[in-house]
Amino acid sequence: MEFVHKSVLLEESVQWVVTDPKGIYVDCTLGGGGHSHRITELLDPEGLLIGIDQDEDAIAAATERLKDARCQVKIVHNNFRNLDQILDQLGIPQVDGILFDLGVSSYQLDTPERGFSYMHDGPLDMRMDQEASLTAEQVVNRYKEDDLAGLIYKYGEERWAKRIAQFIVAARKEHPIRTTGELVHIIKAAIPKGARQDGPHPAKRTFQAIRIEVNDELKILDATMEAAVHHLKSGGHIGVITFHSLEDRIIKQAFKRLQRGCICPPELPVCVCGRKPELKKLKEFTPGEAELAENPRARSARLRGAVKI
């Protein structure tokens, strides 16, 4: 299957991040290369794009898409949580702009064998990095009931988390749960019919929660934002596209903390932490009506931008 992904907030994000056509830019979530391709169109031959992704399919697709770029391109198969190491290995201490497009890609959702989708039957996988050890099948079949309920509630904001966990544990006693279709059937049985009639697909929140757990998506964000801002040049821009409230909240709080600088308790008369503000000019963008009409999946997207002091 071809790696097809509709880049969300494409112009808004790229125009925000790219400030110097001769600069160095990092796309930390390369995907199929949509945002990166647009960045390369704005760069001069001296400019450099660094694309990072942990998904081998994404690396292959983006490498092909960017092969004729007029600027320099370096593609790295890695997780953006290792941004410090990646830039150190490339010998690049500071860059002009950094972009993150968080969450799952359309390609991953629409490829049944990747196991991300509650709309297609496939193996319970959900790994963005196909070499990672933890899979959705292991989470569903091995986690204790209380741990399952906790992660579904925390990462999925699912009010029926406890009941869903009970149904999963009961079902796996009969036989291991192997496919997304089986899991969807169990979730539907767990959620009362009246609660299933309105709102999103009944399995959406649980699948989101398991995916976040498998890929450790939220725990890495705070430290990654610190690292990213640390590597920005003065006046450099950072942009982060989020798709749900959990990750958006983390980015918003990280940016505000980096804008504030001092993290001392308010009761202290003077600052003892010595932290200085690192960010200014926080900006926010959401998709327009034209983009939403063309790509309904963009509805929950939000771009948060900031500038390094």
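**Close-ups of a predicted model**

Six of the six residues of strand 2 are buried (under 20% relative accessible area, with a 1.4 Å probe and protein chains only), so the strand is largely enclosed by the rest of the structure. This is a predicted model, where local features need pLDDT of at least 70 and side-chain atom pairs count only at pLDDT 80 or more, while totals for chains, interfaces and linings use all residues. Residues are numbered from 1 along each chain as its sequence is written, and side-chain values use heavy atoms, leaving out hydrogens and water.

**View A. Strand 2, covered on both faces.** Strand 2 takes in residues 48-53; strands here are DSSP runs of E with at least two residues, and helices are runs of H or I with at least four, numbered from the N terminus. On one side sit Leu48, Ile50 and Ile52, on the other Leu49, Gly51 and Asp53, and all are buried. Strand 2 pairs with strand 3 in the parallel sense over six bridges (pairing takes at least two DSSP bridges). It also runs parallel with strand 1, over four bridges. Look for Gly51: it stands opposite Ile75 in strand 3, and Asp27 stands opposite Gly51 too.

**View C. Helix 1 crossing helix 2.** The axes of helix 1 (residues 10-17) and helix 2 (residues 34-42) come within 10 Å and cross at roughly 50 degrees. That makes helix 1 oblique to helix 2 (under 35 degrees is roughly parallel, over 145 roughly antiparallel, 65 to 115 roughly perpendicular, and the rest oblique). Leu10, Glu11, Ser13, Val14 and Gln15 of helix 1 make the contact with Gly34, His35, Arg38, Ile39 and Leu42 of helix 2.

**View D. Helix 9 packed with helix 11.** Here helix 9 (residues 180-190) and helix 11 (residues 204-215) pack at about 130 degrees, with axes 10 Å apart. These two helices are therefore oblique to each other. Thr180, Leu183, Val184 and Ile187 in helix 9 meet Thr206, Phe207 and Ile210 in helix 11.

**View E. Met126 and Glu157, two residues with positive phi.** Most residues other than glycine have a negative phi. Met126 has a phi near 70 degrees and sits in the loop between helix 5 (106-110) and helix 6 (136-142). Is Met126 buried or exposed? It is buried, with a relative accessible area of 0%. Glu157 has a phi of about 50 degrees and lies in the loop between helix 7 (145-156) and helix 8 (161-174). At 40% relative accessibility, Glu157 counts as partly exposed (exposed is over 50%, and partly exposed falls between buried and exposed).

Terms used
Axes fitted to C-alpha atoms, helices over the stretch in contact; angles between N-to-C directions. Contact = heavy atoms within 4.5 Å.
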